[in-house]
Amino acid sequence: MRLSSKADSALVQAESPAAQHVEIHEMVMENDVMKMRQIPRLALPAGQAVELKPGGYHIMLIDLKTQVHEGNHVPMTLTFESPDGKRETVNIEAPVRPLASGSPSGGHHHKH
Ligand SMILES: [Cu+2]
């Protein structure tokens, strides 16, 4: 999934009725191991598309309320914040992707 904005903005929150918790994650290389960690905001520079995908920035669904499978779409509400602090929410249908295989927490309750 790609996010882009005409003006500088940042993704600051994601919510979905499909999961208890929704976090914005990035992948980082730590001691030659790819790890994911939560980030408080994902910057969207004006006119520059930011790609969300396994292995990069992604939105993590934690404690799923319903089973979701790859190829499904889940409803999601994204909150964006502009540099002046104004917030705007956008409802989307996000495509579900599994965690990359071989990652330390592969499988179980986590879906992207
Ligand atoms: Cu993640």
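Me: What arrangement do the four donor atoms around the copper ion make, and why?

Reply: Bear in mind that this is a predicted model. The angles that the four donor atoms subtend around the copper ion run from 90 to 117 degrees, and the arrangement is therefore tetrahedral.

Me: Which residues are the protein donors of the copper ion?

Reply: His25 gives its ND1 atom and His58 its NE2 atom, while Met36 and Met60 each give SD, and these donors lie 2.1 to 2.2 Å from the copper ion.

Me: How are the donor residues spaced in sequence?

Reply: Their spacing reads H-x10-M-x21-H-x1-M. Within that set, Met36 in strand 4 (residues 33–38) and Met60 in strand 7 (residues 58–64) are 24 residues apart, and this pair links distant parts of the chain.

Me: Is Met60 buried or exposed? And what does Met36 count as?

Reply: Met60 has a relative accessible area of 1%, so Met60 is buried, the cut-off for that being under 20%. Met36 counts as partly exposed, because its relative accessibility is 23%.

Me: Which sheet has strand 4 and strand 7 as its edge strands?

Reply: They belong to an open sheet of three strands in the order 4-3-7, where the pairing is antiparallel. Strand 4 and strand 7 each pair on one side only, as edge strands. From one strand to the next, the twist averages 45 degrees.

Me: How many bridges are there between strand 3 and strand 7?

Reply: Strand 3 (residues 19–30) pairs with strand 7 in the antiparallel sense over six bridges.

Me: Changing topic, what does strand 8 pair with?

Reply: Strand 8 (residues 73–81) runs antiparallel to strand 2 (residues 9–15), and five bridges join the two. Strand 8 also pairs with strand 9 (residues 87–95), again in the antiparallel sense, and here over nine bridges.

Me: Which residues are the bridge partners of Glu81?

Reply: Glu81, in strand 8, is the bridge partner of Ala10, and in strand 9 the partner of Glu81 is Arg87.

Me: What about the hairpin of strand 8 and strand 9, and which phi does Gly85 take there?

Reply: That hairpin has five residues between the strands, and in it Gly85 takes a positive phi near 90 degrees.

How values were computed:
Residues are numbered from 1 along each chain as its sequence is written. This is a predicted model: local features need pLDDT of at least 70, side-chain atom pairs count only at pLDDT 80 or more; totals for chains, interfaces and linings use all residues. Side-chain values use heavy atoms; hydrogens and water are left out. Donors are N, O and S atoms within 2.8 Å of the metal (3.2 Å for Na, K and Ca); water is not among the atoms, so sites may look incomplete. Four donors count as tetrahedral if all angles lie between 85 and 135 degrees; four count as square planar and six as octahedral if opposite donors are over 155 degrees apart and all others between 65 and 115; anything else is irregular. Helices (H or I, at least four residues) and strands (E, at least two) are DSSP runs, numbered from the N terminus. Buried means under 20% relative accessible area, exposed over 50%, partly exposed in between (1.4 Å probe, protein chains only). Two strands pair if DSSP finds at least two bridges between them. Axes are lines fitted to C-alpha atoms, for helices over the stretch in contact, and angles run from 0 to 180 degrees between N-to-C directions.
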